[in-house]
Amino acid sequence: LFVDEIHRFNRAQQDGFLPVMEDGTVVLVGATTENPSFELNAALLSRARVLVFRSLGEDSIAKLLARAEDAEGRALPLDDEARAMLVRMSDGDGRASLTLAEEVWRAAKSGEVFGPEGLQRIIQRRAPIYDKGQDGHYNLISALHKSVRGSDPDAALYYLARMFDAGEDPLYLGRRLVRMAVEDIGLADPQALVIANAAKDAYDYLGSPEGELAFAEAAVYLATAPKSNAVYTAFKAATQAAKEYGSLLPPKHILNAPTKLMKEEDYGAGYRYDHDEPDAFSGQDYFPEKMGRRTFYDPPERGFERDIRKRLDYWAKLRGERER
């Protein structure tokens, strides 16, 4: 039993295949253009073998076009550069390559040979393979993010351009650039977040296509900025500690005491106002007593965090001296 676009069956309908698959009444062959991990029941997948059909490579497309020429008994009226361009425009889709070839043959006059510009004139641009809510969308945003993280501005520009070219929501791209700034650059270059936010605002002001250049500028800035995930990892560790230790009361010396009763309970007692201390640093412990002092933020020796590292080391030295 062959079922095309099997992902269109809902969960209950997919479950209906299970009994007849198990007793051998049918051998089910399903086809889908979606990711089966997301669209098919786990029970159905566990009883099936998944075969992935990948896009054709350029060599395979070229062979397919050669077979079409043999079948037609005539060569495509394209020079070498235009032929290579047609292969790329097929985007790994064999059926699309044959459709494009038919358009070329239909447009050509006797003895006419097209170059790249002529090919562009006769073939309407094929929409790129891109599904905003599925694999194409997530594959490209992953590639963009990792290119920025990997400090490759050229790859970042390429994937950004592909997403714009495919009609991606600019607001989504703006949000992701901001996320890259705070996750992968952080305080190694505090200006990265400012640039990413400014790019979003510039796009809101200019719109397309002019505003796309603001995103391109931000992507290059982020890709070439010093990288640090120190704040990102520190916040994850702090979040884990918050969940682990529950609702511990902060130490009393940093609690406000607006009432007489709270003062009698020693709220605020012993607090030292840092601006009145040498170097504007008291060195007091601000963690709950049952938790003890923790270190979450450990900045690397990169970018602006090099200065932060020196400051933290200096304060740690002062704290140690004042605790003795």
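Glu5 is partly exposed in this predicted model, with a relative accessible area of 23%. You will find Glu5 in the loop between strand E1 (2–4) and helix H1 (11–15). Its backbone is worth a look: phi of Glu5 is near 50 degrees, a positive value in a residue other than glycine.

Asp91 also has a positive phi without being a glycine, at about 55 degrees. Here the setting is the loop between helix H6 (80–89) and helix H7 (94–107), and Asp91 is partly exposed. The table puts these two residues side by side.

| Residue | Phi | Relative accessible area |
|---|---|---|
| Glu5 | near 50 degrees | 23% |
| Asp91 | about 55 degrees | 34% |

Another backbone feature to look for is the cis peptide bond from Ser208 to Pro209, with omega near 0 degrees. Pro209 sits in the loop between helix H12 (191–206) and helix H13 (212–224).

Now for the whole chain. The protein has 16 helices and two strands. Its radius of gyration is 31 Å, well over the 20 Å that the globule rule gives for 324 residues, so the protein is more spread out than a compact globule. Along the principal axes, the C-alpha atoms fill a box of roughly 100 × 60 × 35 Å.

Of the 324 residues, 33% count as buried. The accessible surface comes to about 20,400 Å², and carbon and sulfur atoms hold 52% of that. Among contacts between residues at least 6 apart in sequence, 64% join residues at least 24 apart. As for charge, the mean positions of the 43 positive and 53 negative charges are 4 Å apart.

Terms used:
Residues are numbered from 1 along each chain as its sequence is written. This is a predicted model: local features need pLDDT of at least 70, side-chain atom pairs count only at pLDDT 80 or more; totals for chains, interfaces and linings use all residues. Side-chain values use heavy atoms; hydrogens and water are left out. Helices (H or I, at least four residues) and strands (E, at least two) are DSSP runs, numbered from the N terminus. The radius of gyration is taken over C-alpha atoms; the globule rule is 2.2 Å times the number of residues to the power 0.38. Buried means under 20% relative accessible area, exposed over 50%, partly exposed in between (1.4 Å probe, protein chains only). Contact means heavy atoms within 4.5 Å. Accessible areas come from the Shrake-Rupley method with a 1.4 Å probe; for residues, only the protein chains shown count as cover. Lys and Arg count as positive and Asp and Glu as negative; His and the chain ends are not counted. The place of a charge is taken as NZ of Lys, CZ of Arg, CG of Asp or CD of Glu.
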